[in-house]
Amino acid sequence: MFMLADETAKLHTVMWKYLSQATAENLMGQGLVVIDKKLASEFMALEIRNQGARERMVKDIEYLNSQMSTLKGLRWTGSVSYGCSCWN
């Protein structure tokens, strides 16, 4: 999750530097939606076999949510948080 959040933040920085605000927001917004939906579907498909795995998934999701929600001019929905079986 760290690499995903880090690379997304780098992309965000570069886009904001070289593109207009509207273009950067549009492109990054679309990218975040795809990332969020894909992660949500992957997390929902996982079979959690023990408490340690569950705790790690929760930590990963919380970290991703905290990092993605700080990106300037964008809205991170965090669907992965709502669809993950690790919250049950």
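Author: Buried denotes under 20% relative accessible area, exposed over 50%, and partly exposed in between, with a 1.4 Å probe and protein chains only. This is a predicted model, in which local features need pLDDT of at least 70, side-chain atom pairs count only at pLDDT 80 or more, and totals for chains, interfaces and linings use all residues. Residues are numbered from 1 along each chain as its sequence is written, and side-chain values use heavy atoms, with hydrogens and water left out.

Reader: Is Phe2 buried or exposed?

Author: Phe2 counts as exposed because its relative accessibility is 53%. Tyr63, at 28%, is partly exposed.

Reader: How many aromatic pairs does the structure hold?

Author: Rings of Phe, Tyr and Trp (its six-membered ring) pair if their centres lie within 6.5 Å; planes under 30 degrees apart count as stacked, over 60 as edge-to-face and the rest as tilted. The structure holds one such pair. Phe2 and Tyr63 form this tilted pair, with 6.3 Å centre to centre and 35 degrees between the planes. Phe2 belongs to helix H1 (residues 2-18) and Tyr63 to helix H3 (residues 51-68), so the pair ties together parts 61 residues apart in sequence. Helices (H or I, at least four residues) are DSSP runs numbered from the N terminus.

Reader: Where in the chain is confidence lowest, and where is it highest?

Author: The predictor's confidence in each residue is its pLDDT, from 0 to 100. The chain has a mean pLDDT of 83, and 86% of its residues reach 70 or more. Confidence is lowest in helix H4 (residues 79-83), at a mean of 61, and highest in H1, at 92. Where pLDDT is low, the predicted coordinates should not be read in detail.

Methods. Helices (H or I, at least four residues) and strands (E, at least two) are DSSP runs, numbered from the N terminus.
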